[in-house]
Amino acid sequence: MTNAEIAAALSELGTLYELDGAVRYRVNAYKEAARVIRQSPISVEELARAGRATDLPGVGKTLQEKIVTLLETGAIPSAEKLKAKFPASLVEVTRLPGVGAKTARRLFDELGIATLEDLRAAAEAERIRNVRGLGEKFEESVLAALDRLSEEGAPGRVLLSHALPVALELAEALRENPACDAVTIAGSARRMTETCKDIDLIATATDPVALSSALVEHPLAAQASSARESGGKIVTHTGISVDLRIVPPEAYGNLLQHFTGSAAHNIALRERAVKMGLSVSEHGIADVETGDVARYRTEEEIYERLGLAYIEPELRENTGEIGAAADGELPELVERTDIRGDLHCHTTLSDGRNSLEQMAEAARARGYAYLAVTDHSASHGFGNHVTREELAKRIEEIRALNANLGTKRFRVLAGSEVNIHTDGSLDYDDELLAELDWVIASIHTSFRMKPKELTARAVAACEHPLVDCIGHLTGRMIGRREPYDIDVEAVAEAAARTGTMLEINGNPNRRDLNERNARLAAGIGAMICVNTDAHGTDTLTNIVYGVATARRAWLTADQVANTRSWRDFSRLRKRTRANQGLQ
DNA sequence: GCCGTTTTCGGCCCGACTGTTTTCAGTCG
């Protein structure tokens, strides 16, 4: 069973308990355990079978046992018992925005509503208003929520690459307004998560209403609230909600910290504060005893007040950052400007949009010291394959290009993104691969193989002496394709053992390895390489998303191979190490 | 159900908003 499936079962059980009227702490315990399990980079099934699921924070003896029962029998007895009491479809009803477990239970008890369809019928027949405590407004909001659900499917989250440019453009527009003192992007966009539900902007202003007006009257706005002292809200033409909140500068840090989140980080932070006799909110930090409220202009002061080192937004996910901040053990995160070269891109030789020369020039203009050109290999489909002869010719072209560049400050590396066949062999012969400066091996076909076979396939590629790096290991496409069922831990161990690098692919649709896998892999000792997989000069900028994932994976510059000069980077390659007898 | 800088028992984050109420429960972020 995948972690997601185990998490879903526990989350469902939590909701069933909630419907049954359990105390909310028990419900919260299930939801929190589900969250932790969903985020675990290692197999919770294996952990539970070894009796060690309790290693996960929030999982105790009871849940350890329930997970094992779930794995062995496919069900959890307490959940089955509750499902006999009320239909499992009632869990769906609780997920409708505006309807929670308490309301769903009453609707079931008093009107027999068991499904979303029942709910719609009852609302349309105006029967819900007969339930004490619910009225006409509730019926309206239920119907509106149901309509949104059928229109959009699951509530929409957009890729960071869609949200961030909008956030940056709006923040810039606000900054240019004379009424603006400061504006910062908050929320998940600031944490650089894979997807965003909305955009949060925090500001201070000499004339708040004027600044709010600048937002609600911005050309990107398709719908807008009124411009208020406290801020404003718009929905862009692309359907992204944007909230602007304006506060006095004295509490700017408090609001920014609060709205940067994550929710889990804030909860953990407040729990820590409670133990110190403090109460943290977006308005300030209150001393519970005296009632004094301290407000802060910066986040640094807030973390300091709580006895913590400053925590970078990308780390605020409650995955150990608070403990590390308390112990002074936070990593110094890799930065975009640390990146010295990009080791994965395509040209018109395969499926790219720009020529070799254009890609090289764009990389040099970015200030890189090296760019590996890695077009697809011989068996790549879609008419974009590169034959053995074409690659040999390309190698010559790159040698000539480097000679013409005549500079030691920038070089193009002759590379290839080579398909890994189902048996783990590669798509070019070793003789040709040996001519290249750089080889990325990727799985592009037959990714529904059994997990063991798929893992063996990637491990075999790691063991090949001419493979420098494994590209986008799990193959997932955010929101579109699930990751391959591959044992990332086993591949990372092979990578660490053989000196093969593992890529963080910065394509915002991929972000692969993801932050959890990258943190796991680096922890095992695999060297990470952050690349764009750019298919044109315009997407070399996607390095920001790759670096964001690296930062969210707690990586330092040292753990990222391509923060090095070419001289130092080239020495890390397996082929160099082999030549020098280092392996 | 989990967990320990006060704890193996007794706590468990904070505030805004909404709609329905005459003082608040439920939901959300």
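In this report a residue is called buried when its relative accessible area is under 20%, exposed when that area is over 50%, and partly exposed in between, with a 1.4 Å probe and only the protein chains taken into account.

## Basis of the model

This is a predicted model, in which local features need pLDDT of at least 70 and side-chain atom pairs count only at pLDDT 80 or more, while totals for chains, interfaces and linings use all residues. Residues are numbered from 1 along each chain as its sequence is written, chains are lettered from A and ligands numbered from 1 in the order in which they are written, and side-chain values use heavy atoms, with hydrogens and water left out.

Helices (H or I, at least four residues) and strands (E, at least two) are DSSP runs numbered from the N terminus.

## The surface around DNA strand B

DNA strand B is surrounded by 36 residues, and the closest of them are Gly-60, Gly-100, Gly-135, Arg-270 and Glu-271; a residue counts as near the strand if one of its heavy atoms lies within 4 Å of it. Of the atoms of DNA strand B that come within 4 Å of the protein, 78% belong to sugar and phosphate. At least two residues of this surface come from each of helix H2 (24–39), helix H4 (61–73), helix H7 (101–111), helix H9 (136–152), helix H14 (263–275) and strand S8 (278–281).

By class, the surface near DNA strand B is made up of 15 nonpolar, 11 polar and 10 charged residues, where Ala, Val, Leu, Ile, Met, Phe, Trp, Tyr, Cys and Pro count as nonpolar, Asp, Glu, Lys and Arg as charged, and the others, Gly among them, as polar. Phosphate oxygens of DNA strand B lie 2.5 Å from a backbone N or O atom of Gly-60 and 2.7 Å from a polar backbone atom of Gly-58, and there is also a phosphate oxygen 3.0 Å from an N or O atom in the side chain of Ser-279.

## Helices H20 and H21

Two packed helices are described by the angle between their axes and the distance between the axes. For helix H20 (residues 451–463) and helix H21 (residues 488–498), the axes come within 9 Å and cross at roughly 10°; axes here are lines fitted to C-alpha atoms, for helices over the stretch in contact, and angles run from 0 to 180 degrees between N-to-C directions. H20 and H21 are therefore roughly parallel to each other, since angles under 35 degrees count as roughly parallel, over 145 as roughly antiparallel, 65 to 115 as roughly perpendicular and the rest as oblique.

On the H20 side the contact (heavy atoms within 4.5 Å) is made by Thr-455, Ala-458, Val-459, Cys-462 and Glu-463, and on the H21 side by Ala-490, Val-491, Ala-494, Ala-495, Arg-497 and Thr-498. These residues divide into seven nonpolar, two polar and two charged.

## Buried residues

Leu-540, in the loop between strand S17 (528–531) and helix H23 (543–552), counts as buried because its relative accessibility is 0%. Although Leu-540 and Met-359 are 181 residues apart in sequence, their C-alpha atoms are 8.7 Å apart in space. Leaving aside neighbours within four places in sequence, the residues in contact with Leu-540 include Met-359, Ala-362, Ala-363 and Leu-371.

His-472, placed in the loop between strand S15 (469–470) and H21, is likewise buried, at 1% relative accessibility. Not counting residues up to four places away in sequence, His-472 touches residues including His-344, His-444, Arg-510 and Asp-512. Glu-515, in helix H22, is buried with a relative accessible area of 11%, and its side chain makes a polar contact (a pair of N or O atoms within 3.5 Å; within protein, one must be able to donate a hydrogen and the other to accept it, and residues adjacent in sequence count only if both atoms are side-chain atoms) with the side chain of Arg-552, at 2.9 Å.

## Backbone geometry to check

Most residues other than glycine have a negative phi, and most peptide bonds are trans. Asn-318 has a positive phi near 55°; Asn-318 lies in the loop between helix H15 (299–305) and helix H16 (321–326) and is partly exposed, at 27% relative accessible area. Ser-446, in the loop between strand S14 (438–442) and H20, has a positive phi near 45° and is partly exposed, at 39%.

The peptide bond from Gly-261 to Ser-262 is cis, with omega near -5°, and a cis peptide bond also joins Asp-512 and Leu-513, with omega about 5°.
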